[in-house]
Amino acid sequence: MKIRALLGCSAATLMLVGGAHAAEKTLTIGVADALTGGAAVYGLPQANSVEMAADEINAAGGIAVGDDTYMLDVIVYDDKANPTEATNAVRKLIDRDGVRYILGFCCSGATGAVASFIEYEDAVMLVGNAAERSITTQGISNLVRTRPPADYTGAAAGAFVAKQGHKRIAVLGALETSFYASYVEAFEEEFKKSGGEVIAHEVFASKDRDMSPQLTKIREMQPDALLVVGYVEPAAFAYRQATELGMDVPRYGFTSGSEEQFLRVASSEQMEGVWDLRPTELTLQSTTDAGLAYHANYSERFGDAPSPSSPYAYDQAWALKHAIEAAGSVEDTEAVAAALRELEVFPEAVMQYLPVEGKMFDQNGQAYTANGAFQWQEGHWVFVEELPSDQEAYSRFLSTVN
Amino acid sequence: MTEILQQIINGIAIGGVYVLIALGLTIVFGILGIAHFAHGSVSMFGGYLTFFLVAQQGYPLILAILVALVVGMVLGVLIELLAYRPVRNANHINAFIVALGLTMMVEGINLQFFGAEQVVIPTDAGRVFSIGGVTLPELRLYVILAAAALILAMTIFVEKTKTGQAIRAVAENRDAAILMGINVQMIPLIVFAISTALGVAAGVMVGSLFAIAPGVGEGLVVKGFAVLILGGLGSIPGAVVGGIVLGVTEALAAGFISSAYKDVIAFVVMIAVLLLRPQGLMGRA
Amino acid sequence: MPRKQIFLLIALAAFIALPQLISVKYYLHLSILALIWVIMAQGQNLIQGYTGYVSIVQAGFMGIGAYSTALMGSHFGLPVTLTIILAPLVTAVFALATGYPSLRVKGHCFAIVTLAFNMVIFIVLLNFTALTNGEAGITGIPKPGYGRGAWIDFHDRQVYYYFVLIVAVAMTALAALIVRSRIGQILLAIRQNEDLVASVGVASWKYKLFAFVVSAMFAGLAGALYAHYQSFINPEIFSVAQSLDAILAVIIGGSGTLTGPVIGAFIVVFLPEYLRFADSFRLILYGLILVLATIFMPRGIVGLARDIASRLGAR
């Protein structure tokens, strides 16, 4: 995995050396993300997609600033989704490699650690898949995030499930992980508005694979529906064991797992009818031309389909290009950070962003995508409908959170 | 009532896995005095290997398990010879640090060969039995039966065979065993081979019933030692009783007290036993 | 021993000069982390190296120190300097409660029981979200001193380096005092032969508990310094893996010596930097080093250096 990233780097460098003109300069950008360990499922595709975006930007003529043209060079460091490692990686990028623009960031703990000091650095931080809300509530002016916070999606999911007519719902999830907890919190608030009630909050840890005790307890409470919230690896077991315990209530979830990931654990019959209520990330049925091209290019280059969340990082690279061109400087990070917040959604974006006051990022530096309801039907995730999302209202709410 | 029964059934399957892990640990500890911390990771290696043979090489499950058992026994013997034997006469903490180092190595090897994504050993057992509202998936039933068979086989081996008697003799009194003409150089190798085979069996069970992923082995070995402390160090009946008690306690704790703190509750039970009955539930005072 | 004092002075001078010699600030950052690890490792050494009991809960105690200093600051508005001093005391209370049952078993089982405690601490930090904010962690932990731009500004990494250096030297000196006292002699005797110590009428459990609690206080202090340096903590960094690093630091450096943990701490922090090329093999390599070092170099780098020195001296 690492080797592939390195090869990507050197290939880009070679290209630069080979085709360098007099006015061409190099802008080195950094990626800090989980390349190994459990979170590599999210981090590695993000790192790959930044490399791919950088090559595409270079091939399209680089970044034009005044008379100069900058070609991108990418340095990738592994943060293992660990806060100390992430701090080390970013310190190294800034202090040793002289990098000013740092992308990637799949996971909340590591991202939170970096966010706590980035404000005081001469740098701009672009966060990807990390969904913890507090990352964009601290008023950090040199930070933006492409993925919406989990509670924004949770509220939309709550409204959707209430609409299905359920009154008593049981929650089983990784509630110790705060962005899952905040999803459930917002879900509950919306769900209550139409007279619903959450009758159980059962927890599984990220390493748990036996949820039958929790499910047995839930079964006794006879809920109308089940909501499973957590990483795909344990969540798949929750779905399977629910059927093994003979529960036949509707099952909703927030897991963002791929078909292969679920089928490794549960049979397609056991998954039939399960809903996934999540941001409308990369799915071949709901995407634009940019998304189709991204999927094809990524698959060809890395020999693997891109993970649904990887375009969050791809879009960071293009957002950065447009912001630097708008700011007219690569040195002035304050101007680039300000330009990011003025940016409109650009045609290369893969995710389908919902602008706030016409801008891609709101004043908190937060972007919003549409949310969707997906259902497992005969072995596949099928996009059924958009969830009712209100990004303008959520953005106003986010500004009040501290 | 169905709820309690269901929870006990839920706990027995995982308890069976704990028993197998704990049996492997307890014979090593009882006879050699080593806390074989790498046992969990080695067990998971066996599970991974089975997965690899079934899912990627197309072996039938039974054949894959047999191959994994044999490879596991060889690995166990090598570990004893190369890692533990050189520190046998040193301060006892050295053996434990070797065990920690071995754990890192085996975890690293597992990661290198089998990747970070969780793997599930595919089986055909998909039926679910239901009696009066209490459900039991077919696979869990097989796991419980297989664990029971292995426990029985192990007991017969230790109690009835000549080798088993020699092992017990060494555990009771090493010097006397030497005088009786028992080959004390061979005994640790046999013990490690048996221990690792039991561990591999547990690894296969975890891999088919649940999943194998980085860190699972370390979690299991800690549970295995908790069983030892519960049941009594070095005691075979203690491992059986302790394993079932721990599995059922966890299920009941998750079902009736708190799913977030079920592991904490299990450890609290262990600490309570330590304070009230330091020799364990089945240990001799 | 004048030769020993000369060595000490040279080492101290090197540590004082270090920030001036470092041109890339990143290495200053790592040096601060390494000094915090020196405190951790000195604590680990008291229980592991001198008393002969492997404790696998040091990272858990580090976490208790880190969370208690951060929470006392944010909940009660106490000044940072005070919470850093209080953090080891809070840790000591937890260490007393865990040490008492743990020390009822000996040897390997003690290690396992302490490991279970580390897991308990980790689970509670993760799940007690009302207090700890769970996996998202605590952000914006303030630095000591009078804020940005003050005469002594702890946001300046050089300043923080010297701050941690002073604490690390003081804690190493404290460890030296303990080891050379009567208590230290009894701890060493327990390591050699616990039954013998008990047979002469010494209540060895009191001394073991003392060593356990003091080592936990070292870890708690290290955790507090870490929290205020990084300004961010979450449970991840206080898991069992970090406790294993503490053991590694003591073994590699030289257990039962005062210089060993210092060397070991720097190795544990800096080695990963130089093993990046072998990223995926790192775990295997670490394990191999640990096994080989225990078999062939049981007294660590310091022990090896002493052997070489005495051999040269004998000639």
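What span should the 18 residues of helix α2 of chain B have at 1.5 Å a residue, and how far apart are its end C-alpha atoms? Helix α2(B), residues 39–56, should span 26 Å, and its end C-alpha atoms are 25 Å apart, which agrees. The expected span is 1.5 Å times one less than the number of residues in the helix. Helices here are DSSP runs of H or I with at least four residues, strands are runs of E with at least two, and both are numbered from the N terminus.

The structure is a predicted model, in which local features need pLDDT of at least 70 and side-chain atom pairs count only at pLDDT 80 or more, while totals for chains, interfaces and linings use all residues. Residues are numbered from 1 along each chain as its sequence is written, and chains are lettered from A and ligands numbered from 1 in the order in which they are written.

Helix α2(B) is largely enclosed by the rest of the structure, because 15 of its 18 residues are buried. A residue is buried if 20 or more other C-beta atoms lie within 10 Å of its own, exposed if 12 or fewer do, and partly exposed in between, with C-beta atoms placed from the backbone. Just after α2(B), B:Gly58 takes a positive phi of about 75°.

Chain B also contains a packed helix pair. Two packed helices are described by the angle between their axes and the distance between the axes. The axes of α1(B), residues 2–32, and α10(B), residues 236–257, come within 7 Å and cross at roughly 145°. Axes are lines fitted to C-alpha atoms, for helices over the stretch in contact, and angles run from 0 to 180 degrees between N-to-C directions. The crossing of α1(B) and α10(B) is right-handed; a crossing is right-handed if the near helix is turned clockwise from the far one by less than a right angle, and left-handed if anticlockwise. The residues of this contact comprise 15 nonpolar, nine polar and one charged. In this classification Ala, Val, Leu, Ile, Met, Phe, Trp, Tyr, Cys and Pro are nonpolar, Asp, Glu, Lys and Arg are charged, and the others, Gly among them, are polar.

Within α10(B) lies B:Val240, which is buried, with 26 other C-beta atoms within 10 Å. Apart from neighbours within four places in sequence, B:Val240 is in contact with B:Val19 and B:Ile151; two residues are in contact if their C-beta atoms, placed from the backbone, lie within 7 Å.

Chain B meets chain C through 38 residues of chain B and 33 residues of chain C. On the chain B side, α4 (92–114), α9 (216–231) and α11 (262–276) each supply at least two residues, and the largest share, 17 residues, comes from α4(B). By class, this side has 29 nonpolar, seven polar and two charged residues.

In chain C, C:Phe117 is placed in helix α5, residues 107–127. C:Phe117 counts as buried because it has 24 C-beta neighbours inside 10 Å. Leaving out residues up to four places away in sequence, C:Phe117 touches C:Val57, C:Gly60, C:Thr98 and C:Ser102.

Chain A itself is divided into domain 1 (2–149 + 284–342) and domain 2 (151–281 + 371–400), with bounds from an automatic or database domain assignment. Their C-alpha centres lie 31 Å apart, and the contact takes 12 residues from domain 1 and 14 residues from domain 2.

The loop between β3 (68–78) and α3 of chain A holds A:Lys80 and also A:Ala81. Most residues other than glycine have a negative phi. A:Lys80, however, has a positive phi of about 55°, and A:Ala81 one of about 60°. A:Lys80 is buried, with 22 C-beta neighbours inside 10 Å, and A:Ala81 is buried with 26.
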